[in-house]
Each structure stands twice: as structure tokens, then as C-alpha cells.
Amino acid sequence: MKSTSTSRDDGFNLAIVGAGIGGLGLAIGLTHLNVPFTIYESAPAFLTVGAGVGLGPNALRAMDLIDHRFRDQYMAIATGNLKPEKRHVMMEAMRMEEGLGEGEEWWGKGEWGGQNFERTGAHRKDLLDIMTSFIDDSRVRFNKRVASMKQGGGKVTLRFEDGEVVHHAAVISCDGVKGFSRKVVLGDRYPDCVEPKYTGKYVYRAILPMEEAKQILGDLATDAKMFMSRGANLSTYPISEGRQCNVVAFKRDPEPWKHSEFAYDVTKEEMFADFQGHRIDGRLVRLLDWAKPTRWGIFHHPDTPTYYSSQICLLGDVAHAGGPHQGAGAGQCLEDSLILSRVLGRLFFNTPTSILSTVSTTRTHIIESAFAAYDEVRRPRAQEQVRTTKECGEVYNLMDPVAGEDLYKVVENLNGRFKWIWEHDLEADVLTVEARFELLAGQAQAGSTREESARL
């Protein structure tokens, strides 16, 4: 197709590449602050498929700070544990083996959570339906798969596979764990950090009607459980206002990932064989029978030395994909969205229109200041979540070097593991990123003035 060119340099318009939880969260924040943007999504429509997603207290605060209506609408459809007395319980430990550990001394004492924790979960479709309702259709371009992304001359140029070319003041890439934008940002400086790394685990997923889950698990189906074994684990929790049960079965894999894609199909016999060596309880086998026998590899980005390069910035899984063991991945994407939308809002409203609307070194330096402030605030915390979620997976597999297979020690570990995630002061992060941006932007503008004076 013949290449066309669209200029957006007569104003200030940001590009968001990707419309997942991170990209949509950023778009909600920018919409709330009236900062102009365009979303480019490769799919023909917003994708509203997927499995269950859990959000902790930090994610709920991020929603509220992005736009309080966001949290309100989510809480209207969110599902916690179905028993009121389990409101503050994240999960309850069980054994995966036959009998689930009932009768052992620790039975009935396997809960972990906290008074400041309230379990909430939803079907990913329901969450994304809420998020997309905040986005003006005129700000979204579908069927736009990016073929190349280059920056120079004070702007970022996106070339799409259909031949169209657009220019933006800056690009925020939210293109997922496999996103090619990671190479654009890191490839020249940190080539060894570009590709996602296999964590040595894959999962099977299922969603089944809660009534079916109750027929299989009885009373155990109503609240979140983690069934543990050495080298495997299986989690269950209610979603869709208690109408459905989400099931995720994890299997440790000592072999390197040999497939071109992150998921591949196997037979049901192969799926069941993955757990036979763990003497899996027959009830859990019946839950697995609801799963499509697809092995989903868990990949992560354990090392990300920076989240930006000049006018291109990474957000969400493309920056800090981690395993799902702490239930914090989506929450970290929303924290990104909050912090980056706030700092970009400060940039937009505190920078003179004459600078924002004109391609210049000064504008580039100010954008870099915003991305640098975001990087300083978000990257240490997000990368710590990547590291600790891998540790948490070891605990669930009864392979932690201290807790091992002792369920008392496992639960003690888990009860002390999540507070730093849940109770983090996001309001302070907002103040920090805004103040840091003001300092860096002031230095950038002063430097640009000196450069201009020297040329004269």
C-alpha cells in the first residue's frame, strides 16, 4: 500500500501503543486530565477476552487516584471471597495431594491476608469493558500494527504495516511482554535485557460455573484457595460476582522453552500427566477437566535498566512483566498509569503552548524530564515486584529454602510477604514524581536557554 503521512506536530499529541490494562489505564488518566493522546491498537476492536484478574488495595487506590469513577465502577462488579468472614483473606493454603491436607495439624490455619487487604477479582472482560467505557472512540485507531518506531528531529515516527506514517511528540509503549518497543528502548544500550526470559513454569487455565465448582469442591469453592505441591500448584477463586470460578494450574518445567509462541496445545492426557506425580487430589483433576489443554509459558523481564529512551517510554508488562504469583501484575500496570499520567499532566499544563506545539530541543528535553521522573519513581518498585513474585512461586511450590514443605512456615512467609505491595503510599509517589519533574524540567529549560545563547 502506498505510504501516507499524518502530521501531529501542530499541537501536542501523545501516542499510546497497545490497549491492554496498562495502555487503557494511562488513557483514562490522560482523559481525566485533558491531555491529548491517540491509542494505536493492532486488533480490530478492544479485546475483552481472557481469564480472571485480581486487584489488591494498591491497585484500588491507583484506580481512585486516576479517576474515582474508575474504582467505583470496578467495585460494582468486583468479587471477593463469598463468605463475609473471609473478606480480608487473600488465599488459604491447601495441599495438592489426595486429601488436600485435611487432618494435618495446620488444617484450618492456612489463611494469609491482612486487615488492610480486601480481596477483589473480576473476569478480565468485565474489567476491560469498564476501562474502555472511559475512552472516546475518536482517540482510538484499530488495526494499526506498528512496523517501525524511530525517534529523531524532536519527534517519534511510527510506521504501520498498512503503510501509514504518523509523528508524535512522544510515544508510550504498552505492547506487552513480547513488545518490540523494548528493543527500541534497550537494544542499543542493553541488548542482553531485551528478550523476555522463561521462568521455568507454565500454566493451564479454566473458568467454570460456580455451581459446578461447588459440586466438585463443596464449600472450598466459595473462597480463594492455593493448593500446593513440590513443583506444582493450583489456585481457585470466585469471579463474575460469584457466578464463576477461576482456576489456574502451575507446573514447574526444568527444560528451556522450545516453542516460537508463548502458548501451545497438548492433549488432555499430557495435561493430566503433568500432575500425576504430585498425587493430585481427584477433585482437582475434575477441575482440570474444564481447562483447555494449552500450556501458557510464564515469561518475565527480571532486568530492565531503564524504562525510557528520550521520547519513547515503556509501561506495563513490556517494562516489568513478572509471574502472577503475587496477584500484583495488573496492579503494577495501574500504578504505572497513575504516575505517568500525573507527570504528563503536569508537563502539559505547566509548559507554555509555544514550547509544547513546536518541535524543538527544549520540548524533547522536557519530555525526557517527565519520563526520567517516572522511571525514578516506578522502576525500583516494579522490578522488586518481578523479583519477589518469583520467590513467591517457590513458596507455593514448597521449595522456599526456609519454609520448605512446612505449611506453618509457608503461611508465616505468605502473611509477611505482601504488605509492602498493598500498603504503598501512592499519593506520596504522585507528589514525588511531580516535584522531580519540575526540577528536571527546570534544569532542561535552563540548559536549552544557555545553548541558544551560546549559538547567538
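Trainee: What makes strand β5 (residues 89-95) and strand β14 (residues 225-229) a pair?

Mentor: The model is a predicted one. Two strands count as paired when there are at least two bridges between them. Strands β5 and β14 share four bridges, in the parallel sense, so they meet that cut-off. At one of the bridges, Met 94 has Phe 227 in β14 as its partner.

Trainee: Which sheet do these strands belong to, and in what order do its strands run?

Mentor: They belong to an open sheet of eight strands, ordered β6-β5-β14-β15-β16-β13-β18-β17, with mixed pairing.

Trainee: Why are β6 (111-113) and β17 called edge strands?

Mentor: Each of them pairs on one side only. Between neighbouring strands of this sheet the average turn is 25°, direction ignored.

Trainee: Which helices lie on these strands?

Mentor: Helix α12 (residues 361-396) packs on the sheet and touches β6, β13, β14, β15, β16 and β18. Its direction makes about 70° with that of β14. Helix α7 (residues 268-276) lies across β13, β15 (232-239), β16 and β18 (294-300), and runs at about 110° to β13.

Trainee: What is the order of the open sheet of six strands?

Mentor: The order is β8-β3-β2-β12-β20-β19, again with mixed pairing. At its edges stand β8 (140-141) and β19 (308-309), and each has a single partner strand, so one side of each is left without a neighbour in the sheet.

Trainee: How do you know that β2 (residues 14-17) and β12 (residues 170-173) pair?

Mentor: The same test applies: at least two bridges are needed. Strands β2 and β12 have four, in the parallel sense, so they count as a pair. Ile 16 stands opposite Ile 172 in β12.

Trainee: How many aromatic pairs are there in the whole structure?

Mentor: A search finds 18. One of them joins Tyr 198 and Trp 257, with 5.0 Å centre to centre and 55° between the planes.

Trainee: Why is that pair called tilted?

Mentor: Ring centres must lie within 6.5 Å, and planes under 30 degrees apart count as stacked, over 60 as edge-to-face and the rest as tilted. At 5.0 Å the two rings pair, and 55° falls in the remaining class, so the label is tilted.

Trainee: What kind of pair do Phe 348 and Phe 349 form?

Mentor: Their centres are 5.1 Å apart and their planes stand at 85°, so the pair is edge-to-face.

Trainee: Is Phe 349 buried or exposed?

Mentor: Phe 349 has 52% relative accessibility. Exposed means over 50%, so Phe 349 counts as exposed.

Trainee: What makes Lys 178 a charge over the ring of Phe 262?

Mentor: The charged atom has to be within 6 Å of the ring centre and within 35 degrees of the ring normal. Lys 178 lies over the face of Phe 262, at 4.8 Å from the ring centre. Arg 119 lies over the face of Tyr 237, at 4.7 Å from the ring centre.

Trainee: Why is helix α1 described as largely enclosed?

Mentor: Of its 12 residues, 10 are buried, so α1 is largely enclosed by the rest of the structure. Among the buried residues are Ile 21, Leu 24 and Ile 28. Helix α1 (residues 21-32) reaches 16 Å from its first C-alpha to its last, close to the 16 Å expected.

Methods:
Residues numbered from 1 in each chain as written. Predicted model: local features only at pLDDT ≥ 70, side-chain atom pairs only at ≥ 80, totals over all residues. Heavy atoms only, no water. Helix = DSSP H or I, 4+ residues; strand = E, 2+ residues; numbered from the N terminus. Expected span 1.5 Å × (residues − 1). Buried < 20%, exposed > 50% of the residue type's maximum accessible area, 1.4 Å probe, protein only. Phe/Tyr/Trp six-rings, centres within 6.5 Å; stacked < 30°, edge-to-face > 60°. Axes fitted to C-alpha atoms, helices over the stretch in contact; angles between N-to-C directions. Contact = heavy atoms within 4.5 Å.
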